[in-house]
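Subject: Structure handover

Hi,

Here is the structure I promised to pass on. Please open it next to this note; my findings follow below.

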Amino acid sequence: MKALRFAAGVALAGLLAAPALAQTKSVAITQIVEHPALDAARKGVQDELAAAGFTEGQNLKWSFESAQGNPATAAQIAKKFVGDRPDVIVAIATPSAQAVAANTKDIPLVFSAVTDPVGAKLVASLDKPGGNVTGTSDLLPMDQHVGLIRQLLPNAKRVGILFNPGEANSVTSVKQFTDAAKAQGITVVEGAASKSGDVLAAARSLVGKVDAIYVPTDNTVVSAFEAVVKVGTDAKLPVVAGDTDSVKRGAVAALGFDYYDVGRQTGKMVAAILKGGKPADIPVETVKKADLYLNAKTAPAMGVTLPDALLQQAKEVVK
Amino acid sequence: MIAVEDIKVTFNAGTVLETRALRGVSLAIPESQFVTIIGSNGAGKSTLLSALAGEVIPGEGSIAIGGTDVTRWPTERRAGLVARVFQDPMAGTCADLSIEENLALAAARGGRRGLGAALPRALREEFRERLARLGLGLERRLGDKMALLSGGQRQAVSLVMAALRPMKLLLLDEHTAALDPKTAAFVLDLTRQIVEEGRLTALMVTHSMRQALDIGDRTVMLHEGRVVFDVADERRRGLDVPDLLALFEQARREKLSDDALLLA
Amino acid sequence: MSLFAFLGAVEVGLIFALVALAVYLSFRVLQFPDLTVDGSFPLGAAVAATLIVTGVDAYLATLAAFAAGAAAGLVTAWLNVRLKILHLLASILTMIALYSINLRIMGRPNVALLGEQTVFTPFAELPWPGYVTTPLALGAAVVAVMLALNWYLGTGSGLALRATGANPRMARAQGIDTDRATLLGMALSNGLVGLAGALFAQSQGAADVTLGVGVIVVGLAAVIGGEAVIPPKVVWLATLGCLVGSILYRLAVALALNSEFIGLQAQDLNLITAVLVGAALVLPGVQRKFGRAIGRGRAP
């Protein structure tokens, strides 16, 4: 009798303890559109959480929805997630983040790949977010990018920039690039493309007007990057990119970061919140590490010699 | 009083497809006269009606209704003066609207369409009354969609619609041509009734010489865009179809060869 | 499905019900295929957001959004009526132009409204949760719009609009200025869409230049779906169908998002929309066939 009661007691304790021990946390990810960089960020979050001890299927419930570019869908995804009350919602890109922020003031929201969180009214300030929202900003250190161009072409006076005026991130990037360029004595010429089919023409419009072309992390232009490379090689116009994948596709140089790394940085913040942290106290982070990627094959085709100093600094040189 | 002065209508002027539909037509129609218009295909009958209605603006000439020069007025501006019944029952009504909605549209012809209700009770009563006189039972089906009616029923309603509000001219464009003989006779009878009751000035285009003589006070024949003959009152009463043919040959010095016109 | 997601679907459904009513007005009543809505929806959002951020009262800003949408509709109608451009093409021209215009109005592609005073802010201060009061308030507003539209289509002016679409030649023969009717109808239709855009931006935290993508498809799906559920025998049934169709569409989306067992995701929404609209188009015919088979059907 006593043994039975004891066994029952242990079993009961075990049952009660089990959920407490293997407490499943839930993380819901909403993405505005599927796209290599954004997908890489998502993977980064997932991997970082695994590294921090949260594995899907064991102690992590993981949901993911993409709005396929449709804002109304993003709104409904936000509402679904808020209704499900996960422990953390991760939003990739500005519209998805805003949709979630509009629907909840208490569920922790961590955004990723939002260039201007203050402008998007997601946080009050970068140091003290102050609400339920924090995250990582993919703001590019533009002064370093301008510096890179000057290292490649010391005599450059005018630089063209290709972007889609309809992408919020790009508009911010262009403004910052232009400010940084002005500070270093370079004028900027804009080339606008509102859809990927327009990129070729926009690139061509810069020929003869500039000494180099810079492509920020603009979804539209990056999706048609080969067209820009073609113009660059035909017109002997060096193309410098803001994201490192583009170097493999033909850009001479890029000082960028991997969106996967951004994802992992975001993942760290998510893990911190899952372990008890509060978004209000976690400052918004910008990407610190910038890697230099060079392409030794396209450099001569675009009329540029890669200085040794740069070749030594580079993380990777494409031959 | 309708005064048509030497109107000329040419379609596709200056191109290979140029058609001189009316080459100088003049007509003076006194009040309350019922005129029938006949002619072979391409004679210009429909074009004449379209010019009177405002759907076609003549290149030359003038049209005056009740003393007002309406030559350049578009259809919607003339609607207060001119009512029209089309050959195609579908063309003259809105198939997707109900009978009473169609009547309501006709009741506002020539008037202001504001924010007042389109179908107040008093108006519905008037419609019920007018439709009851047709003897078709339509007064009990005011809410039915127009599309549910047969061709004959629709033409009957079109006639009621046309006569709902005052007009200076009633245009009837071969309005029985699409109907079977029995229904055609019914509609023709109704037409006679309505025109007589209202002492309306009416112009009826018909393809049948028989019909042209049996109804109305005056018959005008068009051929190749011109008036070929014009008979009324006494002179007309004694005429029969062969006489019309003879008149035509006399006027044009050619034989009439339009089968449809001859056999109707 | 959580209550929050359900009410959220109702909320979005109500906002897009305005779009459905607008599409009913243009496509069905005026017989004017109008793609302007893909431009007038973000236009309403842009105007309202830009005004609110500069301190204008949210209700006034929303009214301005209605006016802006109406102006866009007028442009399309004018292109068709005066310049004789085919209605579909005229609407595409306006839609394309509006993309640039919207960017100009906002000054940038995204104007955030989080934390600003919107038309929904007063409801957040009530004792009940926002996710309940917002759909209720929206419901009242949208029903009011629907009733107003029903009333208008029953007036002399409204009947003239219906005749313009049903049989323009006959309408002119009855003295209706079909050009003016078209201008008025298109202005009203796109005004409603601008209003919807303004409400959407305020409820979702931002006006974004990409808001317009696919709005016409959603509007059509709502109208057609509504007609399948509620046969539009008279005007008030047709407008009610717009409301019901829009909400049902959003509930279907929410269901797709919440049904992990079916394995559907948001990516599949386009397919779901196509299937829904297809079913809605076929269903009435199937119903009629069965009705006839059982002997209850009415002869066509």
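Two strands count as paired if DSSP finds at least two bridges between them. On that basis, strand S7 (residues 169-173) of chain B pairs with strand S8 (residues 202-205) of chain B: 4 bridges join them, and they run parallel. Leu172(B) sits opposite Met204(B) in S8(B). Keep in mind that this is a predicted model.

The sheet in chain B
S7 and S8 belong to an open sheet of 6 strands in chain B. The order is S6-S7-S8-S3-S9-S10, and the pairing is mixed. Strand S6 (82-85) and strand S10 (226-232) of chain B form the edges, each pairing on one side only. From one strand to the next, the twist averages 20°. Helix H1 (residues 45-53) of chain B packs on this sheet. It touches S3, S6, S7, S8 and S9 of chain B, and its direction makes about 150° with that of S7(B).

Where chain C meets chain A
Here 34 residues of chain C are in contact with 32 residues of chain A. On the chain C side, H1(C) gives the most, with 6 residues. That side has 19 nonpolar, 12 polar and 3 charged residues.

Domains of chain A
The assignment gives domain 1 (24-138 + 260-286) and domain 2 (142-256 + 290-318). Their C-alpha centres lie 30 Å apart. Contact involves 8 residues of domain 1 and 8 residues of domain 2. The domain 1 side divides into 2 nonpolar, 4 polar and 2 charged residues.

Best wishes

Terms used: Residues are numbered from 1 along each chain as its sequence is written. Chains are lettered from A and ligands numbered from 1 in the order in which they are written. This is a predicted model: local features need pLDDT of at least 70, side-chain atom pairs count only at pLDDT 80 or more; totals for chains, interfaces and linings use all residues. Two residues are in contact if their C-beta atoms, placed from the backbone, lie within 7 Å. Helices (H or I, at least four residues) and strands (E, at least two) are DSSP runs, numbered from the N terminus. Ala, Val, Leu, Ile, Met, Phe, Trp, Tyr, Cys and Pro count as nonpolar, Asp, Glu, Lys and Arg as charged, and the others, Gly among them, as polar. Domain bounds come from an automatic or database domain assignment. Axes are lines fitted to C-alpha atoms, for helices over the stretch in contact, and angles run from 0 to 180 degrees between N-to-C directions.
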